[in-house]
Amino acid sequence: MSEKRNILVLGSGGREHALAWKIAQSPLLGTLYCAPGNGGMAALAENAALDMADHYAVISFCREKAIELVIIGPEAPLVAGLADDLNAANIAAFGPGKIAAQLEGSKGYTKDLCAEADIPTAAYSRFDNACDALAYLETQSAPIVVKADGLAAGKGVIIAEDIQTARDAVEDIFDGAFGEAGAELVVEEFMTGEEASFFVLCDGENALPMATAQDHKRVGDGDTGPNTGGMGAYSPAPVLTGELIDRAMREIVEPTVRTLAAEGMPYSGVLYAGLMLTKDGPQL
């Protein structure tokens, strides 16, 4: 039998719990560690009080416990470059490096990449101050979408049904409603259609379709109110047919992977595409 491997899963949410549950079933597993983990994960693994923001502490823990693979669940440590530091220490890490992780860490970065690679997405403008953003809104019509640029736990998107709501969103974001995530913002065209999530597995050059899902974003009954970080989800998403998946791979995922690789920042790990299924086809 092959040599067993010690594995570390970083995170404490449902995503990491699901990963731990599946990894624990592998006959190749030695010891599974989770950091910080949660009560449910403690039944599957050894939880460790480890600060993901302290990269040296994570590396030291891996060496002490002979960890051969680290699976990074949350976005923030990826954006902070934890995968890069682990790989530099010769510890295999599953997840993109710091620059490629900007696809999640900066909405403006992703929009710019879409423009460069001719990926279908909503028209947009980026702003680093309220004055310019408010002036731009005077040239637009509602509904319109205002997004804090950085990581905001799924809550940094405001769908404004009128321009005054958009103005208020701009003021709130630059006044610190989302902390550092609101240092910049993106104003986007409102797209009409059904939203779905598409996940692919990447090695930096190749992309393998994995799964589809839809979540319940709005806080109120009847799909009303502000967006949340997620109110439950189901998978697969029936709305994402085989034809639409093929088109999303061809028009969105593959150009993204190609462009990042060509620019020297290959994306490895799970790549997530939030799709809007419009009358013109899937858009990012």
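How many bridges join β10 to strand β11? There are 6 of them, and the two strands run antiparallel. Before the close-ups, a quick note: this is a predicted model, where local features need pLDDT of at least 70, side-chain atom pairs count only at pLDDT 80 or more, and totals for chains, interfaces and linings use all residues. Residues are numbered from 1 along each chain as its sequence is written, and side-chain values use heavy atoms, with hydrogens and water left out.

View 1. Helices (H or I, at least four residues) and strands (E, at least two) are DSSP runs, numbered from the N terminus. Two strands count as paired if DSSP finds at least two bridges between them. Here β10 and β11 (residues 207–215) form the 6-bridge pair from the opening question, with Val200 standing opposite Pro209 in β11. These two strands make a hairpin with 3 residues between them, and Gly204 in the turn has a positive phi of about 105°. β10 also runs antiparallel to β15, and 10 bridges join that pair. Look for Glu195, whose bridge partner in β15 is Met276.

View 2. In soluble globular proteins, nonpolar side chains tend to be buried together. A nonpolar core here is a set of buried Ala, Val, Leu, Ile, Met, Phe, Trp, Tyr and Cys residues joined through side-chain atoms within 4.5 Å. Buried means under 20% relative accessible area, exposed means over 50%, and partly exposed is in between (1.4 Å probe, protein chains only). The largest core has 25 residues, and those with the most contacts inside it include Phe198, Val200 and Leu240. The elements giving two or more residues to this core are α6 (107–117), β10 (194–203), α9 (242–262) and β15 (268–278). Helix α9 supplies the largest share, 8 residues. A second, separate core has 23 residues, among them Leu10, Ala48, Ile67 and Ala101.

**View 3. Leu240 and its neighbours.** Contact means heavy atoms within 4.5 Å. Setting aside residues up to four places away in sequence, Leu240 touches Ala196, Ser197, Phe198, Thr212, Ile245, Leu275 and Leu277.

**View 4. Two aromatic pairs.** Rings of Phe, Tyr and Trp (its six-membered ring) pair if their centres lie within 6.5 Å; planes under 30 degrees apart count as stacked, over 60 as edge-to-face and the rest as tilted. By this rule the count comes to 3 aromatic pairs. One of them is Tyr33 with Phe61, an edge-to-face pair at 5.5 Å centre to centre and 90° between the planes. This pair links distant parts of the chain, with Tyr33 in strand β2 (residues 29–36) and Phe61 in helix α2 (residues 55–64), 28 residues apart. Tyr33 is buried at 9% relative accessible area, and Phe61 is buried at 10%. Phe127 and Tyr136 have ring centres 5.2 Å apart and planes at 45°, so this pair is tilted. Phe127 is buried, at 11%, whereas Tyr136 is partly exposed, at 21%.

View 5. Side chains of opposite charge can pair when their charged atoms come close. A salt bridge is a side-chain nitrogen of Lys or Arg within 4 Å of a carboxyl oxygen of Asp or Glu, and the count comes to 11. Arg5 pairs with Glu68, their closest N and O atoms being 2.7 Å apart. Arg5 lies in strand β1 (residues 5–11) and Glu68 in strand β4 (residues 67–72), 63 residues apart. Glu184 pairs with Arg126 at 3.3 Å. Glu184 sits in the loop between α8 (163–174) and β9 (185–189) and Arg126 in strand β6 (residues 124–127), so the pair ties together parts that are 58 residues apart in sequence. Arg247 and Glu251 meet in a salt bridge too (2.9 Å, N to O); both lie in helix α9, 4 residues apart, about one turn of the helix.

**View 6. Glu16, a buried residue in a charged network.** Salt bridges that share partners join Arg15, Glu16 and Glu75 into one network. Glu16 lies in helix α1 (residues 14–23) and counts as buried because its relative accessibility is 3%. Beyond residues up to four places away in sequence, Glu16 touches Val9, Leu10, Gly11, Met41, Gly73 and Pro74.
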